[in-house]
Amino acid sequence: MTRMYDSNPPPTAPMRPRASRERLVAIVSEDCTGCQTCVDICLVDCIEPTPTAAKSQPPAPVHIREDECIGCFLCAKVCEELEAKAIHLVPVERLGSDRGTGRCTAEPSSATPLS
Ligand code: SF4
Ligand code: SF4
């Protein structure tokens, strides 16, 4: 049996450039209680607890290695469920000189809070 496309290849859709999406990364605000719940949630293990100088001190905010973050939102959801809402997703381009610090000092209007 001869198929319709044996002699003529099927038409293909024209290649379209993929819409470029901003890469979002997680950053931690000062609202972090240091509970460390998000540390084990991260799929790529890029959230680190920050050691405190003394046991008598309150837990320090966690640190996110944003270069490894895949922007999956999981940590932000967990943090939101804990009512801390300390994790925000921002476009990596907005980090500027803050890259590597786990913080973002960009103008609030240019950052993208999760909620
Ligand atoms: S879950 Fe939220 S409050 Fe707890 S350590 Fe993570 S960022 Fe901080
Ligand atoms: S957004 Fe995902 S990959 Fe990034 S720190 Fe949170 S859990 Fe980890």
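## Helix packing, core and ligand shells

The buried residues of α1 pack against β1, β2 (47–48) and β4. Buried here means that 20 or more other C-beta atoms lie within 10 Å of a residue's own; exposed means 12 or fewer, partly exposed lies in between, and C-beta atoms are placed from the backbone. Contact means that the C-beta atoms of two residues, placed from the backbone, lie within 7 Å. Helices (H or I, at least four residues) and strands (E, at least two) are DSSP runs numbered from the N terminus.

This is a predicted model, in which local features need pLDDT of at least 70 and side-chain atom pairs count only at pLDDT 80 or more, while totals for chains, interfaces and linings use all residues. Residues are numbered from 1 along each chain as its sequence is written, and chains are lettered from A and ligands numbered from 1 in the order in which they are written.

The protein chain has 1 helix and 4 strands, in the order β-β-β-α-β from the N terminus. Of its 115 residues, 21% are buried. Among contacts between residues at least 6 apart in sequence, 66% join residues at least 24 apart.

In α1, the buried residues include Cys75, Ala76 and Cys79. Seen down the axis of α1, its buried residues fall within an arc of 100 degrees, so they line one face of the helix. The arc is taken over the directions from the helix axis to the C-beta atoms.

The largest nonpolar core holds 21 residues, of which Ala26, Cys75 and Ile87 touch the most other members. Two or more residues each come from β1 (24–28), α1 (74–81) and β4 (87–91), and β1 gives the most, with 5 residues. Such a core is a set of buried Ala, Val, Leu, Ile, Met, Phe, Trp, Tyr and Cys residues joined through C-beta atoms within 7 Å.

Strands β1 and β4 run antiparallel and are joined by 5 bridges; pairing requires that DSSP finds at least two bridges between two strands. Valine 28 stands opposite isoleucine 87 in β4. Leaving aside residues up to four places away in sequence, isoleucine 87 touches Ala26, Val28, Cys38, Cys75, Ala76 and Cys79. In β4, 4 of the 5 residues are buried.

Ligand 1 has 16 residues around it, and Cys32, Cys35, Cys38, Cys79 and Ala84 come nearest. Around ligand 2 there are 15, with Ala26, Cys42, Cys69, Cys72 and Cys75 nearest. A residue is near a molecule if its C-beta atom, placed from the backbone, lies within 6 Å of it. By class, the shell of ligand 1 has 12 nonpolar, 4 polar and no charged residues, and that of ligand 2 has 14 nonpolar, 1 polar and no charged. Ala, Val, Leu, Ile, Met, Phe, Trp, Tyr, Cys and Pro count as nonpolar, Asp, Glu, Lys and Arg as charged, and the others, Gly among them, as polar.

Most residues other than glycine have a negative phi.

| Residue | Phi | Loop |
|---|---|---|
| Phenylalanine 73 | about 80 degrees | between β3 (63–64) and α1 |

Phenylalanine 73 counts as partly exposed because it has 14 C-beta neighbours inside 10 Å. Glutamate 83, with 9 C-beta neighbours inside 10 Å, counts as exposed.
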